Protein chains: 2
Amino acid sequence: MINLLVIGTIAYDSIETPFGKVENTLGGSALHFTNAASFFADVGIVATVGKDFDLSSIDFLEERNVDLRGISIEDGKTFRWEGRYGYDLNQAITLKTELNVIDKFKPRIPDDYVKADFVFLANIDPELQLYVIEQINKKATIILDTMNFWIENKFAALIDAIKKVNILVVNESELREITKEYSLIRGAKKIMELGPSFVIVKRGEYGVFMAEKEGIFLTPAYPLEEVFDPTGAGDTFAGGFMGYLANVGEVNSDTIKKATVMGSVMASFNVEDFGINRIKGLKYDEIRGRYTAFKRCLHFEDIEFK
Amino acid sequence: MINLLVIGTIAYDSIETPFGKVENTLGGSALHFTNAASFFADVGIVATVGKDFDLSSIDFLEERNVDLRGISIEDGKTFRWEGRYGYDLNQAITLKTELNVIDKFKPRIPDDYVKADFVFLANIDPELQLYVIEQINKKATIILDTMNFWIENKFAALIDAIKKVNILVVNESELREITKEYSLIRGAKKIMELGPSFVIVKRGEYGVFMAEKEGIFLTPAYPLEEVFDPTGAGDTFAGGFMGYLANVGEVNSDTIKKATVMGSVMASFNVEDFGINRIKGLKYDEIRGRYTAFKRCLHFEDIEFK
């Protein structure tokens, strides 16, 4: 029985970084998300691939209780993305996007997925995000991601979708573009006035800013000697975040903060290798170990004042 | 009896930000540093000003036990800097620099300053930093700051100076330029091989990265709704940092981490108004209050693993 549903993309990515290059590696928001979330929750994926997709390449997810029946196989080719990073790994340069089967993606939610209490609407057309919201459990906790393209081209639909979700997850420039506020605090307040109770702002190597009505929570990113490939780090963060929430089954200030830390831990693994490779081979004990190391980087003794 | 010595600049700054502009406001590394550090330690300033400088404007520092006798008054005009910031307040655009009396600055350390156990070598010519190191207490804990100009024009002297100090404080691009390493961890390791035990990397609104032999410590910056004027934030950080260290009188992993947090707290005040204004009028209780608020932004309950 799945308790976490994701609607997003499955892709073949070709990536070049200062450390190497790879062609047609597994990627896409739904896959990065699920790869991380499946350590904590029973995930169901809704996505579409082309006839060229090698389904056996994601068999390993079934061993982590992932339900793959929501993946539709359509005539045509799988979505492809080609990108490059310089030393500033915060910014990808998109070299080529082939939408292929994604272009006609119309996410139908299988009956037994409808009851999931946690839902991740990955970065897709906000009209499709609204279409998904209509189909799912009205009590579900929904987190929504988006990108500059939808902010610029489907703004009204995006705002409608944001009004209907509990958590918005975006990066700094997306929050600024949506709210027309430079200040993250002011921007987050505007979002919360629309509906969401929590606004999560991803800042890449600088960590995460989270706003809720009671205040702000901040966490840096786990420090790595080298970031190898940042592709999918945001979706991996969301996977660790929502996987943790679905696992504890409660959404409040406390669990959201812990989920933010868990998302950061998972994202720190994702960037250590191309595509989904690092987390594909990850062991649960490594998650615990990194969490402990991360806590050590954040700890300081309380300061006594006169 | 001073226990913290600073060698740096006193300036008249003209600053424009998206929120307003100000002309000939008090500034300079030594003044920003002292303004913050004087809440915690007895500071002695070594700096130079011109005959046009209004000494009564810094009288308020004497009430915080600052020793101003190390300020030499020379024929000529006080150092002036003119700069502008856009919405990205991490990057200042220098419009004009008038060195004036700074050009012939040759820091002589007064006899009763020589015994100070803590010394901040603010961003000045590394040859002068070396000249100061010759004059001071051999057991002093020394922190050194610098800038791209010296990295590019006095690299050998800068490296000599770095070899003789305990703590290096720089921003990300400076660390990368000195070490030719993109990775902060690798860069910090190279610095520690030269001599310093601690490397502090200032990341503006994203907080601070600190490296020591035993590991990394990270702290975000205190979240403000608006950053009004970032000028002097780095020196204010150093002031809170060294002031705290001089106050506790011990330098180890624990105190360095707490000092990093205190530096961040003080820097968060500095950016709330032009120049030194906010911290000039600051009350000690406000420091305690902000520290408490800051801790709340960083706190999360421990995650339990299966």
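In this predicted model, A:Tyr12 has A:Arg80 as its bridge partner in strand S6 of chain A. That pair belongs to the contact between strand S2 (residues 11–17) and strand S6 (residues 80–85) of chain A, which run parallel and are joined by five bridges. Both strands are part of an open sheet of four strands in chain A, with the order S3-S2-S6-S7 and mixed pairing. Its edge strands are S3 (20–27) and S7 (92–98), each of which pairs on one side only. On average, neighbouring strands of this sheet are turned by 15° against each other, direction ignored.

**The sheet of chain B**

Chain B holds an open sheet of nine strands, again with mixed pairing, in the order S5-S4-S1-S8-S9-S10-S11-S12-S13. Strands S5 (71–74) and S13 (215–219) of chain B have a single partner strand each, so one side of each is left without a neighbour in the sheet. From one strand to the next, the twist averages 15°. Strands of a sheet pair through backbone hydrogen bonds, either parallel or antiparallel.

| Strand pair (chain B) | Sense | Bridges | One pair of bridge partners |
|---|---|---|---|
| S8 (residues 118–121) and S9 (residues 141–145) | parallel | four bridges | B:Phe120 and B:Ile143 |
| S9 (residues 141–145) and S10 (residues 167–171) | parallel | three bridges | B:Asp145 and B:Val169 |
| S12 (residues 208–212) and S13 (residues 215–219) | antiparallel | five bridges | B:Ala211 and B:Ile216 |

Helix H6 (residues 184–194) of chain B packs on the sheet and touches S10, S11 (198–202), S12 and S13 of chain B. The direction of helix H6 makes about 140° with that of S11.

**Strand S9 of chain B**

Is strand S9 of chain B largely enclosed by the rest of the structure, or open? A residue counts as buried if 20 or more other C-beta atoms lie within 10 Å of its own. Five of the five residues of S9 are buried, so the strand is largely enclosed by the rest of the structure. In a regular strand the side chains alternate between the two faces of the sheet. On one side of S9, the buried residues are B:Thr141, B:Ile143 and B:Asp145, and on the other they are B:Ile142 and B:Leu144, which leaves both faces covered. Strand S9 also ends a right-handed β-α-β unit made by S8, helix H2 (residues 126–135) and S9 of chain B.

**Two helices of chain A**

Two packed helices are described by the angle between their axes and the distance between the axes. In chain A, the axes of helix H7 (residues 233–248) and helix H8 (residues 253–270) come within 7 Å and cross at roughly 140°. That angle makes H7 oblique to H8, and the crossing is right-handed. Among the residues that make the contact are A:Ala233, A:Phe237, A:Gly240 and A:Tyr244 of H7, and A:Thr255, A:Ala259, A:Met262 and A:Met266 of H8.

**The residue A:Glu272**

Where does A:Glu272 lie? Its place is in the loop between H8 and helix H9 (277–280) of chain A. A:Glu272 has 16 other C-beta atoms within 10 Å and is partly exposed. Leaving aside neighbours within four places in sequence, A:Glu272 is in contact with A:Leu224, A:Phe228 and A:Arg278. A:Glu272 and A:Pro230 are 42 residues apart in sequence, while their C-alpha atoms are 8.1 Å apart in space.

Methods. Residues are numbered from 1 along each chain as its sequence is written. Chains are lettered from A and ligands numbered from 1 in the order in which they are written. This is a predicted model: local features need pLDDT of at least 70, side-chain atom pairs count only at pLDDT 80 or more; totals for chains, interfaces and linings use all residues. A residue is buried if 20 or more other C-beta atoms lie within 10 Å of its own, exposed if 12 or fewer, and partly exposed in between; C-beta atoms are placed from the backbone. Two strands pair if DSSP finds at least two bridges between them. A crossover is right-handed if, with the strands pointing away from the viewer, the path from the first strand over the helix to the second runs clockwise. Axes are lines fitted to C-alpha atoms, for helices over the stretch in contact, and angles run from 0 to 180 degrees between N-to-C directions. Angles under 35 degrees count as roughly parallel, over 145 as roughly antiparallel, 65 to 115 as roughly perpendicular and the rest as oblique. A crossing is left-handed if the near helix is turned anticlockwise from the far one by less than a right angle, and right-handed if clockwise. Two residues are in contact if their C-beta atoms, placed from the backbone, lie within 7 Å.
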